[in-house]
Every structure is written in C-alpha cells, then in structure tokens.
Amino acid sequence: MFINKMIFSAKHNSGFLCTAIILLIFITGCGNRSQSHSGGSKSKDTLSASQAVQGINIEKVSKAKFTAVGSVRIALPKDAGPVLKNISALFVRQVQQRCKAKVAEDLDAALTVELAIEPGIGAEGFRIEDGKAGTIRIIGNDERGTLYGIGKFLRTSRYDQGGFTAGTWRGTSVPEKPVRGIYLATHFHNFYESAPVAEVQQYVEDLALWGYNALLVWYPMNIFSGFDDPVAVEYRDRLHAILNVARAIGLDAAYGEIANGGYSTSPDSIRAVKCINHGAQFEVDVCPSKPGGTEYVLKNAAKLLQEFADVKPKYYFIWPYDNGGCNCEKCQPWGTNGFLRMARLMAEQQRKFNPESRTILGTWLFSPTEWLEINKMFSVQPPEWVDYMMNEWLNDRTTPVGSPGGFPALSFPEITMLAWQPWGGYGATPLPERYQAEWRNRSRSLSGGFPYSEGIYDDINKVMFAQFYWQPDRSAADILKEYISFEYSPDVVDDITRAVGILERNHKRDEIQRSAEEAFLLIQKSEEKMTLQAQLAWRWRILALRALIDQEIFRTTPPPVFKQVNSRGRYTATIYRGEALSQAFTELSVIYHAEKTDREDVNEVWMLPPKVLIGNRKTP
Ligand SMILES: [Zn+2]
C-alpha cells in the first residue's frame, strides 16, 4: 500500500505527467450526499459526518495582556495519566525548540499554562480561557482535546520577542469529522523509512497538534523473504516505534493489508494472474482461488495481527489494487469477486484478534464497472464485516453514486506526488488552492480520511487536510496563514502567503514563470524578520530552497534539464546545471535523509532530488 509502484512509477516520464493532467482535469463535483449507515455494526465512530457531533468553533480574543516571558509553568491535574503527561512534554519541547523560554512544572514563573479535562465540550474538542491572573487554561473534553488545544495555543503564540508570548486566541473548538488520519508510507528509503526514528516520532507529534487522530502505516510484505527475515523484523520494530509515539499522545493506530499480498518467497503454485490497468502488481501476489492461496494469505495476516495486537489498531484496511489483484477466471473481476471473498475472511479474522477494531474496505483503482457493481451488491445487502469504505474521488468521477451500501466514506487524498519527478525533489510542495477546490467538492460526503504521504516536503498539504477534517468550512488561506505565523513568524504572513501562491502557480516544472523571482525576493525579505530557530528549521529550509530552485530554473534558458536513463532505458535522474542548484539539491537530500536511496531502484528514484552537472563535464 498503497500506490506502490503506482500508476506513475515504473512508467516512462510522460506517464507521470499524463496522470498529473488527468488529476487536474478531474476535480469534479460529486454532489451532496447523505449517508445512513444501514448495515453492519453501528457505533458512534461509524456515524457519517452529518450525524456526527457538529463542530463548534467560537473564537474570541483575550483581554488579558501577556508579554514575552523567559519561563512558563505548566500545571497538570493531580490525576494526570501518562497520555496527558506526554502531551504536556510535547508542549515543553515545542516552546523550547522555538525560543529560549524554559517550561517546567516546578518553575516560579510569571505565566502559568494550566491543563485540564472537562467533559461536555464535545468529543475531542477544547476550550482556551483566561484563568486567574497570569494563568491561561487549556481545557480538553478528553485527553485528545487537550492535545489539540495545546496545538491551537502554540500556533497563536509568539516566539520572537525575547521569550514566549502567549497567544490571545480564546474560545471553543470541536472537530466535525470523526476520522482524521494520516498515512505515512514507510518505504523506498523515503524520510519515514530512512530518517532516525526519533525525527519521525517528533514529526508524528507535530502533525497531531493540527488535529489528526489516527496514524496509518503499512508493512510491505513483498520485499521480505518471510515473517522472520531479519529485515522484516527490523522493519516491524520501526513501525512499532512510530505507532507507539502516536499512541503515547492518545492517537489511534491503524494498519492495512493487501487482500492478496505475498512475501518474496510465495510459492509459484499460488501466484496471481496480473490485472491490467489497476496500478502496481507484484509477481509475488497470491491467487486465493488456487489451492492453498487463501490459507497462505490468512496465515500471514494472522501473524501480523498478533504482532500489532499491542498497539490495538482502531482501523484495519483491506486493499484491492496497487499492489494486488488477480485476474484468473475464478477471481475476476477482482474488485467485486476474489477481493470481496478474501476481504471478508480477513475482516472476520481480524475481529477475532481485535474485536474493537473497525474494518475499512478500499476501492482504490476499481474500474467503473466494478464501482457500479459493488454499489449494486452493497445496496441489496450491506455486508456485516465492513465499517467504512475508502472511496477516493477517482471512483466518484466515473459514477457519482455515493458510498456503496451507505457506509461512512473516507477519502485517500493524494497530497504527495502531483506532477513532479522526483516527488519532493525541488523542496516544499504547497498546493493550498488545489486542495481547497478538491475539498469543496467532497467535504460533505466524507466522515474523514487518510491523506497519503511520501515525505515531509508535503507538510503544508497535510496541515490543510488535518484542518479541513476538523472544520470543513475553514478556508485553505486561513489555515495557511496560521501555519506561516507559527512556523515562520506572525510578521511574514502576508509576504509568505503571496510567495506560496506563486510557488503553487509555478508548480509544473516546465512552466515556471518570471514570478519565481518575486517569490524568491519575498522569501529573502521575510527571513530577516524571523528568529534564528525558525530560519534553521527544516520547514523553512524546504520552502526557501524551493523558491531558490524555481528562480534558478527560470533564469537558465533554455531549461538546462535532461533526463538520465540507465542501460535498460529506465529513468534514473533529472539533470540540471549550476552550482546554486547543486547546493540546493544536496541540502534537500540531507534533510530527507536520502543517503541510502538508490537511483537504480525503480521506486526509490522518485525520492531523490535531481542531479546537477558542474562545469563542462558531460556526465555527472
Ligand atoms: Zn485468482
């Protein structure tokens, strides 16, 4: 999972661009659909958006004056459990890495931030209010509410006035969509797989502050020789480390499986017949109709259920295609035949291990016929073993018929690969206007979703969806302003908003306009107003490098680019000229921890920034 080699990779260059254009064309409306959960197990968290607690968002500004302070006392309730203590520690880290102020429980400080839990605000919601003189109270409806309240408080505070200056935002905020997940793909030697695990853990905590409440990971069975392969064991340890940090601050764990995946050693006798036009398929994928095929898949799935039982996954994904699928006579059409047979068995098996866990059935890369057919099947008899459907809008564009069986629908937005090769190779990829348009068309039909990410370069896009799920009518522009104020400085909001707009319009690499020079100037001018901590943070470096790279590419005419291929004709790099670009791409590689990434690998090549020719050398 998902989108492994995907529709793009392993293809030639024009394939990538074509798909990107298709994605651009098909931002189509899919109407306002109401959903009622008509079958299966009903519980609060499976309610659709329209049935969920309505988000409340009441904002006001504090009259209390707070000036910059050098120390902050954090006060926890006497009965604070480990989750609240971890959330408090996250607040301490965030403040101390942004300014010189000290934060601790036992300080005699001019400012006290008091954490409290008071049910009644609304599930996962929070309230920020003034307490007695010199005290600000962050009150969560529950532990998660406190986490999100701290996030809001951090984002509306300042770090550049000689210490910590408490924000003046006061009010109540409750999320509207119940499922606000993020999928971090840990593969291809991308950041999530290659960075020191502590960096990934911090990143998960940072994302949670924006409102995410579930973390999804996947175990790429196909690259291991078996469950006991030492590489697989190490890999599972890493997944545990990442999921554990999410759970430590109160988030839910989620993991997914291909309905017919296999290890690299899957027996030839049970291998699948390739499906055409359904994304990646590995030769190790398994046919459940062959003798022993179903048992092989279920046995492997059971071992993983046992392995991850300790993180109590709240959601269990079952995925049809890309990779996956079998086109043999007995399995086809996979999406509505072999896949559903297999998915039912996997769902029933997982409920034995984790009765509280919810099954999410994917329909990724279903054909239009399969999509119509599953709608028909589920409207006659919604299966007991499904709790949610993951219907990306690639489905909706063909037949806007809502969610099969009326199950609550989750999205799987693509925020990470659009139109670039390599994906994060030119720095930050903010696309707020694009995702605003996409969201406007879909927001009412969803109970939430899990955006799909390959790296930290799409950070701004992740934040967009975290806040869209929280408050569906909040504008992308407003979210962006809050991001800029927090990560860069409240004093650069207008200039960086303008710069991001330019970067978005110049997103396509062969259509960069003269405005790239203005964006670079805006970035330079803004940097002077920022603290040293903000200037050195990776979130600034990837944005500043992006502006620099765009300007350099624009200024060198004709564009100095060519594609490098290996002896088998496979893409291995995009090549530019110039020292400035060379340094920029090198710095990005360091930020992404791309040292181990292999240009000759058909998948990993998408993770590497372009190469640069220096001087007159003909080859890099
Ligand atoms: Zn088959």
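Visitor: Which exposed residues does the face of H9 turned away from its buried side carry?
Guide: In this predicted model, helix H9 covers residues 368-380. Its buried residues are Glu 370, Trp 371, Ile 374 and Phe 378. These cover an arc of only 100° around the axis, which puts them on the same side of H9. The face turned away from that buried side carries the exposed residues Pro 368, Lys 376 and Val 380.

Visitor: How far does helix H9 reach from its first C-alpha to its last?
Guide: H9 has 13 residues, and at 1.5 Å a residue 18 Å is expected. The reach in the model is close to that, at 19 Å.

Visitor: How far apart are the end C-alpha atoms of helix H2?
Guide: Helix H2, residues 82-98, has 17 residues. At 1.5 Å a residue they should span 24 Å. The distance between the end C-alpha atoms agrees with this, at 25 Å.

Visitor: Within what arc do the buried residues of H2 fall, seen down its axis?
Guide: The buried residues in H2 are Leu 84, Ile 87, Ser 88, Leu 90, Phe 91, Gln 94, Val 95 and Arg 98. An α-helix has 3.6 residues a turn, so residues three or four places apart point the same way. The buried residues of H2 line one face of the helix, because they fall within an arc of 150°.

Visitor: Which residues are exposed on the other side of H2, and which helices are included in what covers its buried residues?
Guide: On the other side of H2, the exposed residues are Pro 82 and Gln 97. The cover over the buried residues of H2 includes strands S2, S3 and S4. It also includes the helices H3, H5 (197-208) and H16 (532-536).

Visitor: Which strands are the edge strands of the open sheet?
Guide: Seven strands form the sheet, with mixed pairing, in the order S1-S7-S5-S6-S4-S2-S3. Each edge strand pairs on one side only. The edge strands are S1 (57-61) and S3 (102-104).

Visitor: In S6, what is the bridge partner of Thr 112?
Guide: Strand S2 (residues 71-75) runs parallel to S4, joined by four bridges, and Arg 73 has Thr 112 as its bridge partner in S4. S4 and S6 also pair in the parallel sense, over six bridges. In S6, the bridge partner of Thr 112 is Thr 135.

Visitor: Which residue in S7 stands opposite Arg 127?
Guide: Strands S5 (residues 126-130) and S7 (residues 169-173) pair in the antiparallel sense over three bridges. The residue in S7 opposite Arg 127 is Thr 172.

Visitor: What angle does the direction of helix H3 make with that of S6?
Guide: Helix H3 (residues 143-155) packs on the sheet. It touches S4, S5, S6 and S7. Its direction makes an angle with that of S6 of about 135°.

Visitor: Is Arg 158 buried or exposed?
Guide: Arg 158 lies in the loop between H3 and S7. Leaving aside its neighbours within four places in sequence, Arg 158 is in contact with Thr 165 and Pro 490. A residue counts as buried if 20 or more other C-beta atoms lie within 10 Å of its own. Arg 158 has 20 such atoms, so it is buried.

Definitions and conventions: Residues numbered from 1 in each chain as written. Predicted model: local features only at pLDDT ≥ 70, side-chain atom pairs only at ≥ 80, totals over all residues. Pairing = 2+ DSSP bridges. Helix = DSSP H or I, 4+ residues; strand = E, 2+ residues; numbered from the N terminus. Contact = placed C-beta atoms within 7 Å. Axes fitted to C-alpha atoms, helices over the stretch in contact; angles between N-to-C directions. Expected span 1.5 Å × (residues − 1). Buried ≥ 20, exposed ≤ 12 C-beta atoms within 10 Å, placed from the backbone. Arc of directions from axis to C-beta.
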